[in-house]
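The following note sets out points on the structure shown below.

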Amino acid sequence: MSHPPKRLTLLGSTGSIGTQALDVVRSQPSRFTISALSAHSNADLLIQQALEFQPAAVVIGDEKHYQTVKSALAGQPTEVLAGIAALEEIASRPDTDIVLTAMVGYAGLLPTVRAIQAGKTIALANKETLVVAGQLITRLVKEHGVGLYPVDSEHSAIFQCLVGEEQNPIEKIILTASGGPFRGRNMQELATVTKAQALKHPNWDMGAKITIDSASLMNKGLEVIEAKWLFGLRDDQIEVVVHPQSIIHSLVQFEDGSLKAQLGLPDMKLPIQYALGYPERLPSKYPRFSFLDYPQLTFEQPDQSTFRNLPLAFEAMRRGGNAPCILNAANEVAVAAFLRDDIGFLQMPDLVENCLSKVSYLAEPALDDYVQTDQETRRVAQDFLKH
């Protein structure tokens, strides 16, 4: 039985997830077509992608590159748009079935909201959307009856473990973490680590922001909050365990004590393809895992006294309301400052903690409140950087 190809809008097509998603599309030409692509500032790659995939529209977020993209695509069937509002517009167009949100950070929130309101299936690689506004997003997904399928390898693993288990309550989930490049280091050693060291991830090839988050364990903290909303969990049902080989992508424990895990080589193309193809598993030629290549899989507790971002994320999740939004905005400023060499590695959690204590707390935020919280947090974070 042949299916008409699914039409994809890819927000963040030039980043790590975006380029791998296009690899998936190339490998499944009868299954997927591209309706629209967006990039923040990588005009050259966006132009190449548009020439190859011939989408109906492209958006360049940074408007100063608009003319470059417009000129390069003159005579092509592709409409060229620029700016933030255009992202929301292409995410809700009628000529698309699935919106893959692969933008990094808070910027992914509003386009994802618009796509849900327009009834699109969401393949979510932008974890910040659920971190910042999990309550709002889960409500909108129910209201509009859309599918929301996770692309993060850990959440994809849990999602895959839960297929066919709809009647069976979860006792807990266990998110695995690689531990990043600084696993086992103490505070003294971390005081002098450089951004070059932090950007060398042992197992995954990711963009700079996510790689730094992985080194500081904030990435795992954000994933904890995302998992709460994706799977409708209580705060005490989520555990983190460090698994340096990154082969077991996460586990679910059911009420009978049985554990289900999803395993595979660390390759983001698998969870991307699963989210885009769901409920089908599409064949792939990706390398296969062999236990003989990994005779030992090991596990340990995360060091939460040294890597303070993880307990800060758990605390923000327990507080609820706009606390995770504060955590996320503060962390985005902290990572950018670390990448500019303005602060050291250990000052990142200091900045986040400062913002969590100073920014106004709201127990029941609406969408506008999240926008204001994000702005207020960035102001407080900038003040912290000045002192």
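1. Accessibility classes. A residue is called buried under 20% relative accessible area, exposed over 50%, and partly exposed in between, with a 1.4 Å probe and protein chains only. By this criterion R7 is partly exposed, its relative accessible area being 33%, and D97 is likewise partly exposed, at 30%.

2. Basis of the values. The model is predicted: local features need pLDDT of at least 70 and side-chain atom pairs count only at pLDDT 80 or more, whereas totals for chains, interfaces and linings use all residues. Residues are numbered from 1 along each chain as its sequence is written, and side-chain values use heavy atoms, with hydrogens and water left out.

3. Side chains of opposite charge can pair when their charged atoms come close. A salt bridge is taken here as a side-chain nitrogen of Lys or Arg within 4 Å of a carboxyl oxygen of Asp or Glu, and the structure holds 27 of them. R7 and D97 form one, at 3.0 Å from N to O. Because R7 belongs to strand β1 and D97 to the loop between α4 and β5, the pair ties together parts 90 residues apart in sequence. Helices (H or I, at least four residues) and strands (E, at least two) are DSSP runs, numbered from the N terminus.

4. Two strands count as paired if DSSP finds at least two bridges between them.

5. The β8-β9 pair. Strand β8 (residues 170-177) runs parallel to β9 and is joined to it by 5 bridges. I173 has I238 as its bridge partner in β9. A salt bridge also connects K172 and E239, whose closest N and O atoms are 2.7 Å apart. K172 lies in β8 and E239 in β9, so this pair ties together parts 67 residues apart in sequence. E239 is partly exposed, at 36% relative accessible area.

6. Packing of helix α4. Which residues of helix α4 (residues 84-91) are buried? They are A86, L87, E88, I90 and A91. These buried residues pack against β1 (6-11), β2 (32-39), β3 (57-60), β4 (79-82), β5 (98-101) and α5 (109-117), where contact means heavy atoms within 4.5 Å.

7. Further salt bridges. K195 and D341 meet through their side chains at 3.6 Å, N to O. K195 is in helix α9 (residues 195-198) and D341 in the loop between α14 (323-339) and α15 (347-358), 146 residues apart. K195 is partly exposed at 27% relative accessibility, while D341 is exposed at 55%. Separately, D23, R26 and E52 are linked in a network of salt bridges.

8. On a 1 Å grid over the protein atoms alone, a cavity is a set of points where a 1.4 Å probe fits but cannot get out, and lining residues have an atom within 4 Å of a point. Grid points are joined across faces, edges and corners, and a volume is the space filled by probe spheres set on the points. The structure holds 1 cavity of 30 Å³ or more. The largest cavity has about 50 Å³ of space, and its lining residues include L190, S216, R308 and P349.

How values were computed: 1 Å grid on protein atoms, 1.4 Å probe; cavity = no way out; pocket = protein on both sides within 12 Å on 5 of 7 lines; lining within 4 Å.
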